[in-house]
Amino acid sequence: HYGYWLYAAAVLARHDREWGRQSRGFFTALARDIANPSPADTHFPVHRYFDFYAGHSWAAGLMQFTSGRNQESISEAVNAG
């Protein structure tokens, strides 16, 4: 659900530019952590939560839920990178 944090930060930064400048590094790192597209990035894995075999993200990451694996809903996937 990190996408909700990223969206909220973007809205807040739009209304408070100084806060946005001060917080940009943290939220950029959060975005890279959940949806890093660059294999050249040495700090975060590429597409951390995306399952290329299944073609979508899992709600629990790549871990099992006790009731089985949970596919990420469209709204969650869009808001999570």
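Predicted model: local features only at pLDDT ≥ 70, side-chain atom pairs only at ≥ 80, totals over all residues.
Biologist: What makes up the protein chain, in helices and strands?

Modeller: There are three helices and two strands. From the N terminus on, they run α-α-β-β-α. Of the 81 residues, 22% count as buried.

Biologist: Why is D41 called buried?

Modeller: The relative accessible area of D41 is 15%. Buried means under 20%. D41 is therefore buried.

Biologist: Why is R32 called partly exposed?

Modeller: R32 has a relative accessible area of 29%. Partly exposed lies between the buried limit, under 20%, and the exposed limit, over 50%. So R32 counts as partly exposed.

Biologist: What makes the pair D41 and R32 a salt bridge?

Modeller: The closest N and O atoms of D41 and R32 are 2.7 Å apart. The cut-off is within 4 Å, from a side-chain nitrogen of Lys or Arg to a carboxyl oxygen of Asp or Glu. So D41 and R32 form a salt bridge.

Biologist: Where is R32, and which residues does R32 contact beyond its neighbours within four places in sequence?

Modeller: R32 sits in helix α2. Those contacts are D41, H43 and F44.

Biologist: How many salt bridges are found in the whole structure?

Modeller: Two. E18 and R21 also meet in a salt bridge, at 3.3 Å from N to O. Again the limit is within 4 Å, so the pair qualifies.

Biologist: Why are E18 and R21 about one helical turn apart?

Modeller: They are three residues apart in helix α2. An α-helix has 3.6 residues a turn, so residues three or four places apart point the same way.

Biologist: Which is exposed and which is partly exposed, E18 or R21?

Modeller: R21 has 57% relative accessibility. Exposed means over 50%, so R21 is exposed. E18 has 40%, so E18 counts as partly exposed.

Biologist: What is known about the buried residues of α2, and where does α2 bend?

Modeller: The buried residues are G20, S23, F27, L30, D33 and I34. They pack against α1. The helix α2 bends by about 55° at S23.

Biologist: Which residues make the nonpolar surface patch?

Modeller: Y2, W5 and Y49 make a patch of about 350 Å². Y49 lies in the loop between α2 and β1.

Note on methods
Residues numbered from 1 in each chain as written. Heavy atoms only, no water. Patch = residues over 30% accessible without salt bridge, like charges linked within 9 Å, V, L, I, M, F, W, Y side chains within 5 Å. Areas by Shrake-Rupley, 256 points an atom, 1.4 Å probe, with all protein chains shown as cover. Contact = heavy atoms within 4.5 Å. Buried < 20%, exposed > 50% of the residue type's maximum accessible area, 1.4 Å probe, protein only. Bend = angle between axes of the 7 residues up to and from the residue.
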